[in-house]
Every structure is written in C-alpha cells, then in structure tokens.
Amino acid sequence: MKAYAAVDLGASSGRVMVGRVGPDSLELTEAHRFPNRPVRTPEGLRWDILALYAGVLDGLRAAGTATGGRLDSAGIDSWAVDYGLLDTDGALLGNPVHYRDTRTEGVAEKVWATVPADELYASTGLQYAPFNTLYQLTAARDSAQLAHAERLLLIPDLLSYWLTGEQGTELTNASTTQLVDPRTRGWSYDIASRLGIDLGLFAPLRQPGDPAGALRGEVLEETGLSGPVPVTVVGSHDTASAVAAVPAVAERFAYICTGTWSLAGLELDAPVLTEASRAANFTNELGLDGTVRYLRNIMGLWLLQECVRAWGEPELGELLRRAARVPALRSVVDAGDAAFLAPGRMPERIADACRGSGQPVPESRAEITRCILDSLALAHRRAVGDAQELAGHPVDVVHIVGGGTRNALLCQLTADACGLPVVAGPTEAAALGNVLVQARAHGLVGDLAGMRGLLARTQPSTRYEPQGDTARWRAAEARLAAR
C-alpha cells in the first residue's frame, strides 16, 4: 500500500484526503477540511489565497500524522479559470480575483467585436461563460497588476509552486481558459494574438502524471513530513479529476459532477465544434488520456447553498424531507441562468423568476427547495439529452459523482427526468481521481479503464431506477422554453 495526499479545493471548502492504494485496494480518508471564504474588498470579490495555502499546509501535516510522517506523493486540484499573477521575483501581485466578481460584465461583447463568438468557439470549443480566463484577462488589460506581471499561474499551479518552487500549467485546467485548441491540445496562438493576450505569461504546459517537483525543505519542516515528498501533476481542474473517477464499466454513459456546479455531459475522443453545439452552450474541456469532457455548466447546488445561507443554516436533512412532500414540478427555473450567478438574496430571486414566468410562486422553504431540485433535475435532463444528440453518442446510464450523491431526492429526480438509471457515487470523486493519477504515475494502476474498474470494485454506489412518465418533465421543459 502507498499513501497519497489529495488536495481538493472547492469553491466553498477545501480538504486534504489521504488515499491508500494497493494492487486491488483503494481507501480514502479525510485528513483535514477547511472553509474557503471569499472576501469582498473595496476592489471587488477576492479569494483568500493565503488562508487556502495555510489550510493546505495544515492538511499535509494532518496527512502526515495519519501515515506516520511519510507520503509517497501529493497532488492538487481546484476549481477552474482563476489565477494569480507573479512579479519578476516570483512574488504574488495581490489576491486572485474571484470568478463571481463583476469585472467581466460586458467584456464578452468587446471580445466578440474582435473575434466573433462563432470563430472563438470553432477555435477553442469553450462555451460562453462570463468568467472564462480569456474574459478576465481582457478585463484586466489596463490594470497595474497585469502590467507588472511576469507569470500567470492557475490556482492549483500557484499552490504547487509555493510548495515546490517549480512552475507549470496543467493541461486540463488550461483548457478552461478559452486559450487552448482542443484539437491540438496546445495553445491557440491565433486567438491570443488577435486579442492581445501574451501567452508567454503562462508557464509551460504539463500533463496529468508529470512530476511537479518535491516539497521544499521549509514545507517539510512546517508539516513534519519526512522527505523527499514528490508532488505529482494530476487533473488539476477538479472536474477532470472527478470525471476520471466515474466508475463506469462501459462506454455508453453520461456523467454529472455535482457540487456548487453541476457539470453534465459525455466523455468523447474528439471535440464537437459545430454551430449547433455552440448555440446549445456546450463546452469541450480536456480530460485524461486524450479525452474530451463535452459538457454543459449548470448552476448546481449553489442555488440551494445560497438559500440555506440566507435562512441561517437550517438542518438540511429535514429540509429535504419536507421538500420531498411538495408536489413535483409545480414551479421550475432555468438553473443555467446567469441571473443566479452572484451571491445574495437567492430565495427572493428564485421567487421573482417564478413570478416573472407566470408560475406559482414558492413561498415556504420546502417549496423553494423543491423548486430548486426539480429545476436541477430538469437541467440535468436537458444537458444529457442535448449532449447525446449533438455528439451522436447515446447512453444507457447516468453516473452522478460529487457532493450531490448525498442528496437522494436529487438523484431520484434526475433518474425520473432523464428516464435512465442513475448510479450515484463516489462522493469524493475529485479526490479519488487525484489519488489515482498519482498512483498511476507510480505504476500501481493502469489506464483509465483500469482506474475505473478499481473504483467500481472498491467504492460504494447507489442505483436509482427511473419512476413515472417523462411526459411531465417534457411539459416542464416546454414551460421553460416558452418563457
């Protein structure tokens, strides 16, 4: 058995997990969990990157305590698109900007005036999202920080640099910048040149499984770990790691990575760059072993998280039990609507959306919760159905991984809406994918199919069979389309 530390950073919390891997065994335990709280400064919404780094160090210390002070490797994954800027001395130029900051409002139209949206999609395959790194860099063009920057590192690469002193840009995360060509799996120099973006800011591209250096002596001393501890490049976009941990045993599957966001789609061998795909707002992000993550971003459990926060953190289990007793599909909202992107007043905004579309307005907490879960299941149905049609890739089962696997009501509603069986699990998919890439780099597991076979044999899952007629979901879909 070898022991690996998986640093897995989400938009609302971070965790360091210890994975123990043997020839036919895989165990995952939590060493440390810590909050990820953005800070609103006079300049805007920022990540508290120093608190995150402190959480990583605390987590590595806890991981060492759990393994007798010895780790065979560590790897880092996080959310996508955001970055830190370094000066010529390698020092950070300010706290990284949060993707929910308002600085990119109206920026896309300026970009499209130079590179039309259809050309941008044909070159990069990325769906429109106002926070893509390309738009963030365009918004920052005249800033003092960008003018003085020598290097740009995406969030997991920045933390890896602080741990090891070595710089690189991991490919799966780079593919979310809208500056990578998914056909060549390299930088799109033409797009960057036309928009005045200096690709020299980025460190050289690295692949999952590549070495990323070793923990610096100061880090070993602070964490109490026995060196050397190599750091391994993993699928550093958490969705790439999560998709790698989908325990599929056949090729005809769809996946939904659930958490703050829902990422719903297919794993393909090549990107889909058609105009129909762009119009449907599907993205082509890069995955392990030459794969493409063809998916749609859906607002996800962020909607419920924000409501729970506004309600003063009520007990979630009881809230879901009450929501299950509310009549189905009474009111639904578009879970991909950018109107729900910003934090604050989420219950009121959901009620306003229902009122504006002429539907019954949910009033109680249970009614709002049911509206959210029905809306998410409906969005999952639309994404899975659209992906199959656009890619010509039919599926027989939907795999749900991530935090949403704990929400039995959402899993059952997704099965009902899609008219397909849902297999839910594992919950800590991103951390498991992170661990397995490290283990593969050390020769303990084989190819992607071998990784998934090990997951299917060792990790628990729950199967949900579809219930009822999908006609009511089609009617709800039509209701939304007619808004």
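The buried residues of helix α1 pack against β1 (2–9), β2 (13–22), β3 (25–35), β6 (73–77), α6 (155–164) and α9 (217–223). This is a predicted model: local features need pLDDT of at least 70, side-chain atom pairs count only at pLDDT 80 or more, and totals for chains, interfaces and linings use all residues. Residues are numbered from 1 along each chain as its sequence is written, and side-chain values use heavy atoms, leaving out hydrogens and water.

Helices (H or I, at least four residues) and strands (E, at least two) are DSSP runs, numbered from the N terminus. Buried means under 20% relative accessible area, exposed over 50%, partly exposed in between (1.4 Å probe, protein chains only). Among the buried residues of α1 are I49, Y53, L57 and L60. Helix α1 covers residues 49–66. Just after α1, G68 takes a positive phi of about 75 degrees.

Now turn to strand β8. L154 lies in this strand, residues 151–154. L154 is buried, at 1% relative accessible area. Leaving aside residues up to four places away in sequence, L154 touches (heavy atoms within 4.5 Å) V81, D82, Y83, T169, N173, A174 and T177.

What about disulfides, pairs of cysteine sulfur atoms within 2.5 Å? The structure holds zero. For C307, the nearest cysteine sulfur is that of C371, 9.0 Å away. C307 is buried, at 0% relative accessibility. The sulfur of C371 is 3.9 Å from its closest cysteine sulfur, in C354, so the two are too far apart for a bond. C371 is buried too, at 2%.

Technical notes:
Disulfide = S-S within 2.5 Å. Expected span 1.5 Å × (residues − 1).
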